[in-house]
Amino acid sequence: MNNTTLEKLNYNELKEIVKSYCVSNLGKKLIDKLVPSKNIKQVKRMLKETSEGRRLIEAAYHMPLEGIFDISSLIDKVEKGGVLEASELTTVEDFLRGCRKVKVFVKDKDGYAETLSSYGENITDLKDIEDEIKLAICGTIVDSNATKDLKRIRRYIDICEEKIKEKLEKFIKNPGNREYIQEFFVSQRNGRYTVPIKASYKNSIQGTIVEISSKGTTAFVEPNVISKYTTELLSLKAEESIEEYKILATLTEMIFQRAQELKINIEVISEYDMILAKAKYSKEINGIEPKLNDYGYIKIIQGKYPLIKNSVPLDFEVGSDYRSLIITGPNAGGKTVVLKSVGLLTLATLSGFHISAKKGTEISVFNNIFVDIGDNQSIENALSTFSSHVKNLAEILKESNKNTLLFFDEIGSGTEPNEGAALAIAILEEFYHKGCITVASTHYGEIKNFSEKHAHFENAAMEFRKDTLEPLYRLHIGKSGDSNALYISKKMGISESIIEKSKKYIETKEYNYELLEADKITLNKAETINEVEYFYEQGDKVLLLDKNLSAIVYKGIDKFNNITVLLNNQLLEVNYKRVKLEFKAKELYPEGYDLNQLFTSHKERKLERDIIRGSKKGLKKFRKQEGI
């Protein structure tokens, strides 16, 4: 499915809502990967799964998915030759126990959920591995009872540590050592048993300095009296690590041998988590499983937009008596919400989600769904709003076929109305001949008129409460609406005469070009000026007809019938017939006014005055400019 379609119809926002009902990360990952299906059999299966999950929930059955974690990364580690830690094996044990409970749970639920019950047959009961892990691992450590050797080694370790503590206690209680000791207790540092000694006496004690305190006042010393036992303890610890590794490696190998069955278990549990999340969402919205077809017919009865709480229910139909629906109505009247509602309800159905609607609702499966909604203007690509829409439509035209659903918001807008309407009608016609199902909104009357006369097009209007200017967000199929611009203008204070004149112009296009008497006199004067040959003088203000901008004359007409004008600080040559006199220089400036000031900057005039009065600074600037 086209990513732009999913984005514009807020499909991912809907998936996030459904994801929130998942128990584990397994179901969430599956929903992340979920896309609407083009296969009607697959859609039927997914909807059936959701319905079965809903029945289980309503029968107060609770699938035991809590406590089941995603062990995919642990399986990957095993397959890459890694050895699992004790805590990781505990996670695997929890997962295996959860799988076994789920398998038992669904075994006798075929009366409520035949399909979901059958999936349980794919779960492999690996209680033997579960029991071995439970016997050997206790939380995050290897249990002493895992093997006889480990139990023996740890017993020797305990004996050795007791001897060390006994020797150190005697060392601390020895009166001859009292003045050296900082604190009278045994401290374990870096895995070695030490006594806190005053730093000033650290060399007075026979032993090894293991660590110095942060303030430097205490030295943690391992006395020589325990060196024999320390060596023995290190040897026993090494033996313990080797034995623990053997146990972990053995359990990991058991998991490796059954990795394929574990992967299938992960897939089945993931499916259950996702399906139950869909079912919980269905119950929350009081959703239904809509009817399905694959021939383009959509009928929505009291359907609600999934992302708006308490949205106005929508009654909608397309694809039977007509294949293109043109929606009209005022701005902010809900046209875009209708497009998004139909689109998102369709995408939801094709993903196996129940939808909030009444029984009798029917949704079609499509190969493609395309939209042109919103402003796709790209600053980076320097595309105008209209250009970006047309580019999008051109791409959609290439990809569309008879099994395509289309949504267009304000088709043809963004350019001159007559051209925009004509282009929109031509494009809608082309989509119709391709066999597409099209839903489009517009303000253009020409499109509404075309739709009224076409046998397989239909108009629809968004209803509007005229007394309060409030949109009702209800769609009325078979009715042609308008923007209510005149009605709104009247309510806002525009006079009745202007409203009536507007209605007349809409119907007849016969506009009033009559001029006021004062304007006629002014026009006659202007025409007289243009008829008399005038050669223009410096300082005259003229209108550049091509640009509709005013400029100042710098030089009068030359032998080529051109005049030089100043426009935006630039001198331009223009044919005298391409300008119109606005004011003569003598009408704008007093007698004796230096017109050169109009064409030189303040900085240039100041430099000229400085040179005239003999300023050394001014002469220096002049020589620098002239390169003297």
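Predicted model: local features only at pLDDT ≥ 70, side-chain atom pairs only at ≥ 80, totals over all residues.

Q: Fine. How many helices and strands are in the chain?

A: The chain has 21 helices and 21 strands. Both are DSSP runs numbered from the N terminus, with helices being H or I of at least four residues and strands E of at least two.

Q: And what share of the residues is buried?

A: Of the 628 residues in the chain, 41% are buried. Buried means under 20% relative accessible area, exposed over 50%, and partly exposed in between, with a 1.4 Å probe and protein chains only.

Q: How much of the contact count comes from residues 24 or more positions apart?

A: Those account for 66% of the contacts in the chain with a separation of 6 or more. A contact is heavy atoms within 4.5 Å.

Q: Let's do helices. What's the span of α10?

A: Helix α10 covers residues 227–257, 31 residues, and reaches 45 Å from its first C-alpha to its last. That is close to the 45 Å expected at 1.5 Å a residue, where the expected span is 1.5 Å times one less than the number of residues.

Q: Which of its residues are buried?

A: Among them are Y229, L233, E240, E243 and I255 of α10.

Q: How do α10 and α11 cross?

A: Their axes come within 5 Å and cross at roughly 70°, so α10 and α11 are roughly perpendicular to each other. Axes are lines fitted to C-alpha atoms, for helices over the stretch in contact, and angles run from 0 to 180 degrees between N-to-C directions. Under 35 degrees counts as roughly parallel, over 145 as roughly antiparallel, 65 to 115 as roughly perpendicular and the rest as oblique.

Q: Which residues meet there?

A: I255, F256 and Q257 of α10 meet A259, E261 and L262 of α11.

Q: What about α2 and α11?

A: The axes of α2 (residues 11–19) and α11 (residues 259–285) come within 8 Å and cross at roughly 100°, so α2 and α11 are roughly perpendicular to each other. L14, I17 and V18 of α2 make the contact with A277, K278 and Y281 of α11.

Q: Is E130 buried or exposed?

A: E130 is in helix α8 (residues 127–136) and counts as buried, because its relative accessibility is 4%. Leaving aside neighbours within four places in sequence, E130 is in contact with E93, L96, R97 and R100.

Q: Last one: where is A60, and what is its phi?

A: A60 lies in the loop between α4 (40–58) and α5 (72–79). The phi of A60 is positive, about 70°, although A60 is not a glycine. At 68% relative accessibility, A60 counts as exposed.

Technical notes. Residues numbered from 1 in each chain as written. Heavy atoms only, no water.
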